[in-house]
Amino acid sequence: MNSFMKSIACSLFCFLFLVLSLDVTAQNNTEKKVDIYNMTVAQDGSGDFTSIQEAINSAKGFPDKRVIIKIKNGIYREKIEVYEWNNRMSLIGEDREKTIITYDDYFDKLNLGRNSTFHTPTVLVQGNDFYAVNLTIENTAGEVGQAVALAVNADRVLVENCTITGNQDTLYVTGEGFQQYFKNCYIEGTTDFIFGQATVLFQDCTIHSKSNSFITAASTPKGEPFGYVFKNCNLTAAEEANEVYLGRPWRTYAKTVFIQCSMGDHILPKGWDNWSNKEAEKEALYAEYECNGPGFNPKERVAWAKQLTAAEASEYTIENILGNEKHPSWYEKF
């Protein structure tokens, strides 16, 4: 074969190789096309993404239908933010015990000034109509001060069958007029580990105190009919915790009510603390109804706390607590 023929043969070979390569690349690109409304995250590469935040960033902003992100088992060490434009988003874990989102930011580590607490969350939710299920969300910083695991600053949020762990300031639930619902969750911490200004219903949850301190620090805005409502919850504690308050008012008009909850003997007989705010004794609402267990001592509670009557307790229905004229029964639509 002369040099000219060799040159032609070489050119044809290169051309065919290029065509085949382009075809394979195109095929791979087609195979990797992602449905922006239904994505899967898996650390082993079997899903659309290996990072939860990557999937969130790929979702359509202000979608016209729900965005579902399924998360396979694994330990995801990353800070997650569900942005305000990521409304109608669901994070669905494969297994509550094995689908873990973890990080370890805390106040002094970030050192961003007096409001550093609000930069510490492992998961921050700002998109309305958010749903999470079968996840563990943790802040592993330890007992080093304020360190948020989950912060929810969004309206119409349902968190179901999740484990939320940390120490001080574990769960930040906030937003003036916002409504949130935690169902069948395990929440643990040390000081003020449930705090913020949202209206929140905690139903069938385990609330676990890791040390002597305060469970709640509500900052309910003035005029809101409900603040934190715990219904049929189980209050437990570590062995070393034996002097725990149900709550103290982060702001003067705080509202926190426990209804038909089981209280361990770690709950102090006085129940509540005024956080050195005498005005809160007149303006805050701290109440209980038909609770049980060794920690339920209604006759020994502080004088400014309240035991609800049956008629008063009957107002604490899910429809009233999470009622919304524009979005009726929103908690049933995820």
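1. The radius of gyration here is taken over C-alpha atoms, and the rule for a globule is 2.2 Å times the number of residues to the power 0.38. The model is a predicted one. For a compact globule of 334 residues that radius would be near 20 Å, whereas the protein has 25 Å. Along the principal axes, the C-alpha atoms occupy a box of roughly 105 × 40 × 35 Å.

2. On secondary structure, the protein has six helices and 26 strands. Eleven of the strands form an open sheet with parallel pairing. Its order runs E1-E2-E5-E8-E11-E14-E17-E20-E23-E25-E26. At the edges are strand E1 (38-41) and strand E26 (306-307), each of which pairs on one side only.

3. Strand E8 (residues 131-133) runs parallel to strand E11 (residues 157-160), and three bridges join the two. Alanine 132 has valine 159 in E11 as its bridge partner. In general, strands of a sheet pair through backbone hydrogen bonds.

4. Of the 334 residues in the protein, 49% are buried, where buried means under 20% relative accessible area.

5. On charge, the protein carries 31 positive and 43 negative charges. The mean positions of the two sets lie 4 Å apart.

Key
Residues numbered from 1 in each chain as written. Predicted model: local features only at pLDDT ≥ 70, side-chain atom pairs only at ≥ 80, totals over all residues. Heavy atoms only, no water. Helix = DSSP H or I, 4+ residues; strand = E, 2+ residues; numbered from the N terminus. Buried < 20%, exposed > 50% of the residue type's maximum accessible area, 1.4 Å probe, protein only. Lys, Arg positive; Asp, Glu negative; His and termini not counted. Charge placed at Lys NZ, Arg CZ, Asp CG, Glu CD. Pairing = 2+ DSSP bridges.
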